[in-house]
Amino acid sequence: MKSSNTPITGVLFLILPVWILLGLISVVWADQKAVDQAPGRAMAQQAAKIAEHWNTTDHAKHEVLRQTFTSGPQVTEACISCHSEAETQFHKTIHWTWKAGKNEKGVEMGKSAYSLNNFCISANNEQDKGCLSCHPGWGTKTESTNCLVCHGSKEISWDESFEDFNSFLAESEEDPELKDLANEIQSEIQLAVQSVTLPTRKNCGSCHFYGGGGDGVKHGDLDSSMTKPNKALDVHMGVDGQNFDCVRCHTTSQHNISGRMYTTPAYTHRKSLIEDDLTSKITCESCHSSTPHQSGSKANDHTDKVACQSCHIPTFARVNPTKMSWDWSTSGKTKDGKPYKTKGAYGKEDYLSIKGNMKWEKNLKPEYFWFNGSIQSLTAADPIDPSGVVALSHPLGDRDDENSRIYPFKVHRGVQPYDKVHKTLLTPLLSGPNGYWSTLDWQVALSNGAKSLDLPFSGEFDFVKTTYVYPTTHMVAPKDNVVACSECHIRDEGRMANLAGFYMPGRDGAGLIDTLGWLVILGSLVGVSLHGIGRIFTNRNNKK
Amino acid sequence: MEGKMNNIYLYTRYERFWHWLQMALILILLTTGLEVHGVYNWLGFHTAVKVHNFTGLTWLIAFAFFVFWVFTTGEWKQYIPTTQKMIEVIRYYAYGIFRGESHPFPKQKKAKHNPLQRLVYLNLAALLLPVMMITGFLYWGYNSWLDWGIPGLSLTVVVWIHLAGAFSIFSFIIVHVYMTTTGHTIFTHTKAMISGWEDVEEGVELEDWEKAKQKSVA
């Protein structure tokens, strides 16, 4: 009777572990399959499969673009002789006005208004001419639009070319050889005028990669490495992959380009193209849907609270370094009476007499905040509390807001001047003969800066610590390089350690339950150990 | 001390299968669960969660078969709590065992659990495990709470109950595994749970309440 049972029992014990093992293997294996077959991936590939743009115009064949150009505005005239509404449209956009509308206190926002940051602080109502190198006019003039900043595919120095052409032409009556030179320059100008394109990464990048006065200063997820990124740097824009231009996602309406995320959100609805085929493509959801991962995947359960960017952009500034801090208070030092610079990590300047100390870093983990798409910004007119760190800008949103997601940010930390009497931030004029960069005199720079914005300046100033945020949304990594679950779901030093007010598995302990629980476990171990030792000793005695 | 030993068939095939299946499942759940709770890093959070979920759901389904078995076979009667002989059993483990005394409650086919075991196993099978399954299922379905009509539930509360249960089970395992060594020899009880057959002392009279419903040996 006993032996007849054993084989069956043996079979059971063999089946049992095999069964569980197979189940567990399938759980892990299904995961890899899930990544390859994610419906959001397939959907986006379908939405973006068209390879070539086509158009009905060859600009080189238009007579108006084959005339002799002697000035920038003449080029603009030629453009609007066909595109009659283009400039009117463009002059209403923020790219031209640098004004973002009034905030809730009625203060005009925008870089040509009262907005400020902790880089070059303020554009001083466009009176700081240094800032205008990024204004899409001709040179530093603000009358006529240079359409080719965004729509030209040839690199050319317009001011220099027109100046050379005009002077060679004027002198050619005396020196006929100069006539040939002038013609050569003119044909270069004409070629540049005729090389019209949809804006490419290079066009947008000519300003957006260099904001703050140099490559990668401001954003951290936008720098010259994005002109020709590979897939590893940006899975959408990679030249070895989809090769997206900026405008593939930053879709436009009457020259208004979608995607600006400051005072107002870039979008109010998260819709996919399936739900609304005319929606802007500015959200990830537009092409990938709000549940892009394979059905049943835990990642789909995260999309209501965690932005796609939080997991899919593991680090920013992955190729070029970005500026992480700027301390204006140390500026003004001289060597032998002259301003100087020193270089630090990555060959980047870490001290300049005209700017102070700065820190450059690479391959950075973002900081994470609840974000509903709006950034609250201080203006030069707002009172501050200089006793702590002043948030020049910070993301709005909280966990209970259904439009908020946990979103990655670059936080730039600054030390900058403020008015000790009025308790406001100050806006030094930097470039030009009276600017700080020429004089290294704060009093002059600060009072001229205040005048440019019609703001008061008491004459007494000190420096205050500030923070300024940039949403991290470019440099989306390939699927194999996403942030692992355990980088957030971990007890110590997780990426989301600073986000409070909710229970997060793996990160949060359970306080009293943990303490009591481990005490019970310890008690059990001690108890059975003592009991066992007691048995061993008494057993010996009993045998004696 | 030693009386005559009888070799009796104590645990049926399904019962043994269930015991060891449950052991494996609990072991997997405990190790992955502690990892999900951030106690250590072993499989990685992602894998630990997936394995924990799979195992938990497997257990939930398997438990339905156990419930069916325990009621259709009448084995539930083995779990009816009693205070009779309780004092003797406690006295035995606290004192008698060190004196080499016999267990006051030898196992019988009709009554394989002593009063202490009855109490512990009843609490385990009828209270602790169902609470773990319910809180575990809720935890697993966190994102569906709105659809399930329970938006007011707090994840923290669910987690705390689930954790308290986990610690209780952990403590049970420690004591339970230790107790298997207190049989006639160290491995007597373990062998019995593998083969079904156990050496028990002969000749101890059982009272009626100690007997489960008589059933035939397979």
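Guide: Axes here are lines fitted to C-alpha atoms, for helices over the stretch in contact, and angles run from 0 to 180 degrees between N-to-C directions. Please note that this is a predicted model.

Visitor: At what angle do the axes of H1(B) and H2(B) cross?

Guide: They cross at roughly 150°, and the two axes come within 9 Å. Angles over 145 degrees count as roughly antiparallel, and H1(B) and H2(B) are therefore roughly antiparallel to each other.

Visitor: Is the crossing of H1(B) and H2(B) left-handed or right-handed?

Guide: The crossing of these two helices is left-handed.

Visitor: Let us take B:Leu25. What does it touch, leaving aside residues up to four places away in sequence?

Guide: B:Leu25, which lies in helix H1 of chain B, touches B:Thr55, B:Thr58 and B:Trp59. B:Trp59 is 34 residues from B:Leu25 along the chain, and their C-alpha atoms are separated by 6.8 Å.

Visitor: Why does B:Leu25 count as partly exposed?

Guide: A residue is buried if 20 or more other C-beta atoms lie within 10 Å of its own, and exposed if 12 or fewer do. B:Leu25 has 18 C-beta neighbours inside 10 Å, so it counts as partly exposed.

Visitor: Now the chain as a whole. How many helices and strands does chain B have?

Guide: Chain B has 6 helices and 2 strands. Read from the N terminus, the order of its elements is β-α-α-α-α-α-α-β.

Visitor: And what share of chain B is buried?

Guide: Of the 218 residues in chain B, 20% are buried. As for contacts between residues at least 6 apart in sequence, 72% of those in chain B join residues at least 24 apart.

Visitor: Turning to the interface, how many residues of chain B are in contact with chain A?

Guide: There are 38 residues of chain B in contact with 38 residues of chain A. On the chain B side, helices H1 (13-36), H2 (45-72) and H5 (155-179) each give two or more residues. The largest share, 12 residues, comes from H5(B).

Visitor: How do the residues on that side of chain B divide?

Guide: They divide into 22 nonpolar, 12 polar and 4 charged.

Definitions and conventions
Residues numbered from 1 in each chain as written. Chains lettered and ligands numbered in written order. Predicted model: local features only at pLDDT ≥ 70, side-chain atom pairs only at ≥ 80, totals over all residues. Contact = placed C-beta atoms within 7 Å. Helix = DSSP H or I, 4+ residues; strand = E, 2+ residues; numbered from the N terminus. Nonpolar A, V, L, I, M, F, W, Y, C, P; charged D, E, K, R; others polar. Parallel < 35°, antiparallel > 145°, perpendicular 65-115°, else oblique. Left-handed = near helix turned anticlockwise from the far one by under 90°.
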